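Please read the points below alongside the sequence and coordinates.

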Amino acid sequence: MTQLPTKSSYDVVIVGGAMLGSSVAWFLASNPDFDGSILVVERDATYEFASTSHTNSCMRQQFSAEINIRISQFAADFVKNFRAYMGDDPRVPDLAFQSYGYMYLADTDAFAADLKSAQAVQARLGAGTRHMSRDEIAADYPFYQLDDIVAGNHNLVDEGYFDGGTLFDWWKRSAKERGAEYINNQVTGMTLNPAGTTVDSVTLKSGEVIACGKVVNASGPRASVTAAMAGIDLPVEPRKRYTFIFDAAQPLDRDLPLTIDPSGVHMRSEGAYYLAGCPPDEDPAVDYDDFIEDFSIWESKVWPVIATRVPQFEQVKLINSWVGHYAFNTFDQNAILGPHPKVGNFIFLNGFSGHGLQQSPAMGRGTSEMITYGGYRSLDLSPFHYDRIVANQPFVEKAVI
Ligand SMILES: Cc1cc2nc3c(=O)[nH]c(=O)nc-3n(C[C@H](O)[C@H](O)[C@H](O)COP(=O)(O)OP(=O)(O)OC[C@H]3O[C@@H](n4cnc5c(N)ncnc54)[C@H](O)[C@@H]3O)c2cc1C
């Protein structure tokens, strides 16, 4: 059911009310220094097709770029101290966080050397990553077949599955309680001032024209459609990512870390079951509404890899599967943040590719600081600004999944 806003003007209009939109809404609404009005416009209040509803909900400290590691450190702190961050609200539950870690497996000396240098950066920042020889991996996880493996990186601290769904629900609920207005509607257009430097208003599908102080693009895989409304090119497109849940006839005797096989297939424990996924070999932009599954990926790619890597997975039964869209940043697969250099009140929160859920606490906090103070107060997130696209200087992050 379409809902209408209660006012004709808001200080901040957020386009998209899923994980990232709700993150910035919550951080703004919770900041005593921000006393403005917030409108969150969400085109599908069921969130059925949002990336947030198709996520694998994992967090890792194993990035190669220092700022990405610091972002994950804040994420882990936020998840572990969720109730405290939510103002010690007694209704807020503890969030599940299963730290079985990511296990990156290297099958060449060059890849092993990359893992070793990533481990050094992570260790310097206090992450618990271990660079492991094949024998050390075999001793800790005897179920792997490691004949082709040279080394691996593994970290059992603040890395694994976390309950992002509950976090999202509470951000949304609490942002509303703190004054953010959510409506089920769609932003279909924007009107700029004559100089083209400010978005004056957004137009809703229901016809209303709403004046805005700032507009935040939190529209996930549709981010480039939203940017185009302000005349901005954004290198973000929807790409399909496949998830498969399977049962093993002979379950493993310990947790399966989120294992990144050199083939690109990943797998991990999922309660009593297991989860696996991968990008497709051909990885084009897809239609925004294309969520058609392709079971040949399971048959011809995923299952052969997992059964080779873990021989106990010779006998498995597929019990669930889904397709979700990454908001894939074709420029450098990392977040695009901050104000547009020309249209100064248009703020990006886009392009998170496969790591937006874990980055949502730091990115929502930083975006709320940018809106409230005109600059960052905690982590300096300016390396993610749109300016790097204009300057053609990609953000370098070697650990992209
Ligand atoms: C299969 C898969 C596995 C993943 N695994 C992980 C993981 O393990 N860890 C991790 O950190 N991340 C993971 N991710 C990525 C993560 O889920 C996303 O980065 C994150 O959920 C993005 O949230 P978002 O709010 O930006 O986008 P979305 O969740 O897509 O939300 C965007 C919202 O904007 C709305 N919208 C769009 N246009 C308009 C408009 N014009 N008007 C109004 N509303 C609009 C949409 O309806 C949608 O609800 C995964 C993603 C996928 C697909």
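The model is predicted. A search of the whole structure finds 0 disulfides, and helix H1 is mostly covered.

**Helix H1**
- Helix H1 comprises 12 residues, namely residues 19-30.
- From its first C-alpha to its last, H1 reaches 16 Å, close to the 16 Å expected at 1.5 Å a residue.
- Of the 12 residues in H1, 11 are buried.

- Tyr141 lies in the loop that runs between helix H5 (134-140) and strand S7 (151-154).
- Tyr141 has a relative accessible area of 9% and is therefore buried, the cut-off being under 20%.
- Leaving aside residues up to four places away in sequence, Tyr141 touches Met103, His154, Leu156, Arg254, Asp255 and Pro257.
- Val79 is 62 residues from Tyr141 in sequence, and the C-alpha atoms of the two are 27 Å apart in space.

**Cysteines**
- The closest cysteine sulfur to that of Cys58 belongs to Cys278 and is 16 Å away, which is too far for a bond, because a disulfide requires sulfur atoms within 2.5 Å.
- Cys58 counts as buried, at 8% relative accessibility.
- Cys212 likewise counts as buried, with a relative accessibility of 9%.

Methods
Residues are numbered from 1 along each chain as its sequence is written. This is a predicted model: local features need pLDDT of at least 70, side-chain atom pairs count only at pLDDT 80 or more; totals for chains, interfaces and linings use all residues. Side-chain values use heavy atoms; hydrogens and water are left out. Helices (H or I, at least four residues) and strands (E, at least two) are DSSP runs, numbered from the N terminus. Buried means under 20% relative accessible area, exposed over 50%, partly exposed in between (1.4 Å probe, protein chains only). Contact means heavy atoms within 4.5 Å. The expected span of a helix is 1.5 Å times one less than its number of residues.
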